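I opened this entry to keep track of what I looked up, residue by residue. The sequence and the structure come first, my notes after.

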Amino acid sequence: AIHGHSSRSNKQFVAVDCSTFSASLLESELFGHVKGSFTGAVKNKPGVFQIANGGTLFLDEIANLSLEIQGKLLRVIETRQYKPVGGDHPQKTDMRIIAATNRDLKQMVANNEFRSDLFYRLYVLPIEIPPLRERKDDIPKLAYHFLRLFSKEIGRRIQGFSDEALDALIHYDWPGNVRQLKNVVERLVIMCDEKVLCYRHLSSNLHLGSREDHGPIPETLQDLKTAKQVVLDKNYRPIERAFLVKALEGSDGNITRAAKRVGMQRSNFSALMKKHDLSSLSG
């Protein structure tokens with residue numbers, strides 16, 4: 001969207017996943033290489049700095065760059081020049097760089113895992129995107145966008161989701177965020193022969209279970225208590241654990257601060273942690 005609405009929109013948009021290459025291959029991918037610079041370099045190859053010249057370069061998972069590549073990237077950003085692997089003469093480039101990561105770069109800087117000078121050079125206009133579970137209003141829009149996309153691509157005429165299926169999509173946690181939602185919708189479109197995607201199709205893909213199948217009906221009070229405990233363990237325990245993890249993350253792992261944050265006694269909070277086999281980052 002940034003590229004498409006900019007003055008660079010008529011030039012290339014180049015995306016590189018920094019997690020899919022080794023350090024040596026990534027350097028060649030970014031800077032290009034000249035013939036004979038290493039085994040297998042049988043001809044000159046332009047790097048993405050050359051391909052994206054005048055346009056936009058999107059560096060996904062930038063936290064996976066080695067410190068050596070980080071230093072070279074910083075020099076490119078500051079000088080707008082680079083040398084292909086094995087090359088002698090610098091080449092000029094003019095591009096917009098957009099970088100993304102799901103890791104905490106500030107913490108990585110503190111741990112000396114990411115260069116502070118590169119971090120502050122990139123940290124011009126930060127855009128923080130909350131996880132999908134925290135922006136549930138986006139789920140129906142994204143789900144229908146992917147449904148139209150894959151229906152056209154695969155050649156299916158699927159009209160939409162049932163109310164029950166859409167409600168399940170909205171209330172699912174989506175640990176894989178938008179990528180997971182996209183993959184699920186694509187799989188549903190491939191497998192479904194009906195015009196409407198219903199809860200039954202969704203449950204088998206997200207392991208939601210059947211809403212109609214509650215197991216055998218309890219015959220005694222003890223059976224009822226056992227069934228209640230099973231339901232609690234299945235549905236409440238994950239929520240309770242997520243509650244603890246969120247409190248700890250918001251308090252840098254400090255149990256005392258986390259307990260105070262959520263309004264609990266430290267001893268009770270610690271007992272819950274023990275129940276879920278959780279440990280803290282600090283006292």
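**Asp167**

I looked up Asp167 and found it in helix α7, residues 163-171. Helices here are DSSP runs of H or I with at least four residues, strands are runs of E with at least two, and both are numbered from the N terminus. Asp167 has a relative accessible area of 32% and is partly exposed. I use buried for under 20% relative accessible area, exposed for over 50% and partly exposed for what lies in between, with a 1.4 Å probe and protein chains only. I also checked His145, which is 22 residues from Asp167 along the chain; their C-alpha atoms are 16 Å apart.

**Model and confidence**

The model is predicted, so I note its limits: local features need pLDDT of at least 70, side-chain atom pairs count only at pLDDT 80 or more, and totals for chains, interfaces and linings use all residues. Residues are numbered from 1 along each chain as its sequence is written, and side-chain values use heavy atoms, with hydrogens and water left out.

The pLDDT, the predictor's confidence in each residue from 0 to 100, averages 85 over the chain, and 93% of the residues score at least 70. Residues 209-213 fall below 50, and beyond near neighbours in sequence this stretch has seven contacts in the model. A contact means heavy atoms within 4.5 Å. Where pLDDT is low, the predicted coordinates should not be read in detail.

**Salt bridges**

I searched the whole structure for salt bridges and got ten. The criterion is a side-chain nitrogen of Lys or Arg within 4 Å of a carboxyl oxygen of Asp or Glu.

One of them pairs Asp94 with Arg80, with the closest N and O atoms 3.1 Å apart. Asp94 is in the loop between β6 (91-92) and β7 (96-100), and Arg80 in the loop between α3 (67-79) and β5 (81-82), so the pair ties together parts that are 14 residues apart in sequence. Asp94 is partly exposed at 35% relative accessibility, and Arg80 is partly exposed at 43%. I also noted a network of salt bridges that links Arg8, Arg80 and Asp94.

Asp117 and Arg115 form another salt bridge, at 2.7 Å from N to O. Asp117 is partly exposed at 34% relative accessibility, and Arg115 is partly exposed at 30%.

**Glu240**

Which residue forms a salt bridge with Glu240? It is Lys275, and the closest N and O atoms are 2.9 Å apart. This pair links distant parts of the chain, with Lys275 in helix α12 (residues 266-275) and Glu240 in helix α10 (residues 221-249), 35 residues apart.

Is Glu240 buried or exposed? Glu240 has a relative accessible area of 9% and is buried, whereas Lys275 is partly exposed at 42%. The side chain of Glu240 also makes a polar contact, at 2.7 Å, with the side chain of His276. For a polar contact I require a pair of N or O atoms within 3.5 Å; within protein, one must be able to donate a hydrogen and the other to accept it, and residues adjacent in sequence count only if both atoms are side-chain atoms. Leaving out residues up to four places away in sequence, I list Leu272, Lys275 and His276 as touching Glu240.

**Ser151**

Ser151 is in helix α6, residues 138-154. Its relative accessibility is 7%, so I count Ser151 as buried. A polar atom of the Ser151 side chain lies 2.6 Å from the backbone oxygen of Leu147. With residues up to four places away in sequence set aside, Ser151 touches Arg156, Ile158 and Val189.

**Positive phi**

I then turned to backbone angles. Most residues other than glycine have a negative phi. Glu61 has a positive phi, near 55°; it sits in the loop between β4 (56-60) and α3. Glu61 is buried, with a relative accessible area of 16%.

Asn177 also has a positive phi, near 55°. Asn177 is in helix α8, residues 177-191, and is partly exposed at 28% relative accessible area.

**Ile2**

My last entry is Ile2, in the segment before β1 (13-17). Ile2 is partly exposed at 42% relative accessibility.
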